[in-house]
Amino acid sequence: MKVNIKKIQKISMLAFFAAVIFLLLFILTTTGRAKKNKKSLENKSEGLILGFSQIGSESAWRSRNTQSIFEAAEENHIQILFDDAQQKQENQLKAIRSFIVYQVDVIAFVPIVEDGWDNVLTEAKEAGIPVIVVDRQINADQSLYAGFLGENGLEEGRKAARFLLNKCSDKKDKITIFEMSGTENSSVVKERAQGFREILENDSRFEIIASQDGDFLRSRGKEIAENLIQKARDNNIFRNDSLYYEGKKIDVVYSHNDSMTLGLLDSLANYGINPANTIIISIDAEQKSIDALTEGKLNCVVECNPNLGPMLMTLVKEIHQGKAIPRITYNQESVFTEDDDFSLYKARGY
């Protein structure tokens, strides 16, 4: 049998070119799929729905907190189903259950109080919907929610106490403290009270003579101060140099938030009481409290940063992609004091 060399060479060349073409097509197809998959991952947040329950709008801080979350959601193309609980836990429970029925992708909520969440969180878990706790912590089985995002209440209380220790470093007499706390049974109240006491407990000069619940409201702060003033008047010990409690001059007011602090300042102004003789420490750092600090009406403001939106959206997207998020994520916060260079302050935006 004769072998046609030229024919074999021709067939080999055709086979070679066919293999090259196949290889090129394979590479192009694979690259195209990779780009498509990458684009799909990048746009995975498109159409993502977040159910968010806020406790209310009781202060400029809270309003800014809500606004920050909406702004970040829009930037990340995340749709929000929003509910304002109007300071009632039962409203939040209903909202979370409505999110479950709607089958949102992720639920986030700011708990009004610590307890009473296990049942509804179990329902969310059974529905396959992850939950993020925002701003305030809860007492619940940690397996029922993905993680917490918010402030470090313990450290905020410690920062307030550290300022007070430094402020009173040269004093030897007893120092009386009147505490205005926030909503009863909320985690942040317990943490701010605990952190404050941790720092002062070994210094016998400091005495917390009273702690009253102001529910984080300006109206309650004003009411508490007015009650103190009225009792001082009834007992004929009213002075325009300070506030008094049960006959004792109040050296320090430690307030758990700016709204209550501003309410207290309203009452002092109404009765002509000079706040300069009382050390007043507040938490939040709203613009109005920073203004009061620069005017000499406050001595220290510990920041509680409301701008949680960007971090929340990052966590929401990570959860939606099947990733685990940190058990606790704290926001960064500063301290503003009477010793600062006020010219360096920037507008707070809330």
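Which strands does helix α3 lie across? Select residues 89-102: helix α3 lies across β1, β2 and β3 (106-109), and runs at about 175° to β1. Helices (H or I, at least four residues) and strands (E, at least two) are DSSP runs, numbered from the N terminus. Angles run from 0 to 180 degrees between N-to-C directions, with axes as lines fitted to C-alpha atoms, for helices over the stretch in contact.

This is a predicted model, in which local features need pLDDT of at least 70 and side-chain atom pairs count only at pLDDT 80 or more, while totals for chains, interfaces and linings use all residues. Residues are numbered from 1 along each chain as its sequence is written, and side-chain values use heavy atoms, with hydrogens and water left out.

Next, select the sheet. Its 6 strands are ordered β2-β1-β3-β4-β5-β13, and the sheet is open with parallel pairing (two strands pair if DSSP finds at least two bridges between them). At the edges are β2 (79-84) and β13 (328-330), each pairing on one side only.

Go to β1, residues 49-54, which pairs with β2 over 6 bridges in the parallel sense. Here Q54 stands opposite D84 of β2. Helix α2 (residues 60-75) packs on the sheet and touches β1, β2 and β4 (131-135), where contact means heavy atoms within 4.5 Å.

Finally, select R136, in the loop between β4 and β5 (147-150). R136 counts as buried because its relative accessibility is 3% (buried is under 20% relative accessible area, exposed over 50%, partly exposed in between; 1.4 Å probe, protein chains only). Residues that R136 touches include I55, R62, F148 and F216.

Terms used
Lists of a residue's contacts leave out its neighbours within four places in sequence.
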